[in-house]
Amino acid sequence: MAGFTMSLNLLLLVAMVATNILSLYHLSSTTNFFQSTVKSTQASVPTVPDHLLRQLHTIRAAINHLTTHQPDKSTSTITSRTAASSSSSAPKELLIYSKLSPIASSCHNYPDLLHEYMNYTPFSLCPSDTDLVEKLILRGCHPLPRRRCFSRTPRNPSDSKPESNVIWSYYSCKSFDCLVTKFPDLGFDLSLEKSKSQFSVYKSELDLPISQLLQIAKSANSVLRLGIDVGGGTGSFAAAMKARNVTVLTTTMNFNAPYSEAVAMRGLVPLHVPLQQRLPVFDGVVDLVRCGRAVNRWIPVTVMEFFFFDLDRILRGGGYLWLDRFFSKKVDLENVYAPMIGKLGYKKVKWAVADKKDSKHGEVFLTALLQKPVAR
C-alpha cells in the first residue's frame, strides 16, 4: 500500500512537472509569435513622411491662429518660434484674408470703433454715424452687431421727389443736383436715358457697349439673365441692363454720398458690401460679373486674387467676367495682374489695353471680357 502511494505521488509530481514544462513552452511560443507579428506589422505600416508631419503642424497652427480671438502673448511667441523652426509655415494669404473675409471676424481687432458704435440707447433711434459704419465694414466687421435701436428714416419721403428719400445730414451735399454738379461722372443723374447712354457708345477700344455684349453672348448661345456689378456706384449699369430684361445686383458703399439710396430709387438691389467680403451669392448662378473702376491696383494683391476666385465661384460655366477699365501700372499688369487673371483659365473674348492720358508713371487701362469654361 505504501509502495502504491509513493508511486501515485511520483506520478502526480511527473504530471505537474510536465504540465509546467508544456505551459512554459506554450508561453514562449506565443510570445515569439506575438513579437514576430508586431515586427511584421511594423514593417508593413509605412512611416509618415516628415513633410506631411510639418504640414499637419502648419494646419493646426493656422487653425489655432484663426480660432483664437485674443491670443496670449506667451502663446503667440511660442507659436511663432515653433513655426520658424519648421521648414514650412502657414500660407500668408490664408492668415491675411482670414482677417478680411469672414463676416464679423475682425470686430475684435477694433475695440475703440466697436465701443463707439455700440454706445447707443436701447429701444431708441440709432445714432447718425454713417461714417463709422463704413469704417467698420471696410475693416471686416460686417454685418454690424446693433440689435436694439431703430433705424432712422427720412421725415417726408415721396416717390415724386428723390431728394426726400435720403437723410442728407450724413453727407456734405444736400441734394442730387449738388452731387451731379460736384461729381458729374458718378451717375447721380437718375434718369434712365442717361444711364443707357453711358453704356451705348463706342469711343475707344476700351468701350464695350451693352449691345455688343449681348451680341457676343447670343453668338455663343449664352443667355444673360442675372449679373452682378461690383463697385457699381449708383447702379447706372444695372439700370441699363434692366431695360434689356437682365437683372443686375450692385455692390456699393456710401462714401460721402448716398450710393445705396440711388440704386434703390432706381428699383434695383444695392448690396452694401466691401470688395474683400465673400459675395452673398450661391455657387455657379450668375451669368455676368462686371467690375467697374472700383476694382483696380489699389486693392492688395492677395485680396485681389481671392476676389477673382470668388467671382469664379459664383459664375456659371459659360458665364462672363467683364473688367471695365481696370487701372494699373503697365509693368504690374504684365507681371502681376495678367498672370493672376490667367490662372482662371478663361477664354479671352476681348483684351484691350490703352495708356492713361497724361500718365507720369506708366499707368494703363485694361478692358477685358473673359468667358468661363463651360465644364471643368
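Me: Two strands pair if DSSP finds at least two bridges between them. How many bridges join E4 to strand E5?

Reply: Helices (H or I, at least four residues) and strands (E, at least two) are DSSP runs, numbered from the N terminus. E4 and strand E5 (residues 315-329) run parallel and are joined by five bridges. Within this pairing, Val 289 is opposite Leu 321 of E5. The model is predicted: local features need pLDDT of at least 70 and side-chain atom pairs count only at pLDDT 80 or more, while totals for chains, interfaces and linings use all residues. Residues are numbered from 1 along each chain as its sequence is written, and side-chain values use heavy atoms, with hydrogens and water left out.

Me: Which strand do four bridges join to E4?

Reply: Strand E1 (residues 226-230) is joined to E4 by four bridges, and the two run parallel. There, Val 230 faces Cys 291 of E4. In a regular strand the side chains alternate between the two faces of the sheet.

Me: What kind of unit do E4, helix H12 and E5 make?

Reply: A crossover is right-handed if, with the strands pointing away from the viewer, the path from the first strand over the helix to the second runs clockwise. Here E4, helix H12 (residues 301-314) and E5 form a β-α-β unit that is right-handed.

Me: How many of the six residues of strand E4 are buried?

Reply: Buried means under 20% relative accessible area, exposed over 50%, and partly exposed in between (1.4 Å probe, protein chains only). Six of the six residues of strand E4 (residues 286-291) are buried, so the strand is largely enclosed by the rest of the structure. Among them, Cys 291 has a relative accessible area of 1% and Asp 287 has 2%.

Me: With which residue does Asp 287 form a salt bridge?

Reply: A salt bridge is a side-chain nitrogen of Lys or Arg within 4 Å of a carboxyl oxygen of Asp or Glu. Asp 287 pairs with Arg 225, and their closest N and O atoms are 3.4 Å apart. This pair links distant parts of the chain, 62 residues apart: Asp 287 is in strand E4, and Arg 225 is in the loop between helix H9 (210-219) and E1. The structure holds 11 salt bridges. One of them joins Arg 313 to Asp 310 (2.7 Å, N to O); these residues are three apart in helix H12, a separation of about one helical turn.

Me: Is the disulfide of Cys 173 and Cys 178 left-handed or right-handed?

Reply: The S-S torsion of Cys 173 and Cys 178 is about -60°, so their disulfide is left-handed. Their sulfur atoms are 2.0 Å apart. Cys 173 is buried, at 1% relative accessible area, whereas Cys 178 is partly exposed at 29%.

Conventions:
Disulfide = S-S within 2.5 Å.
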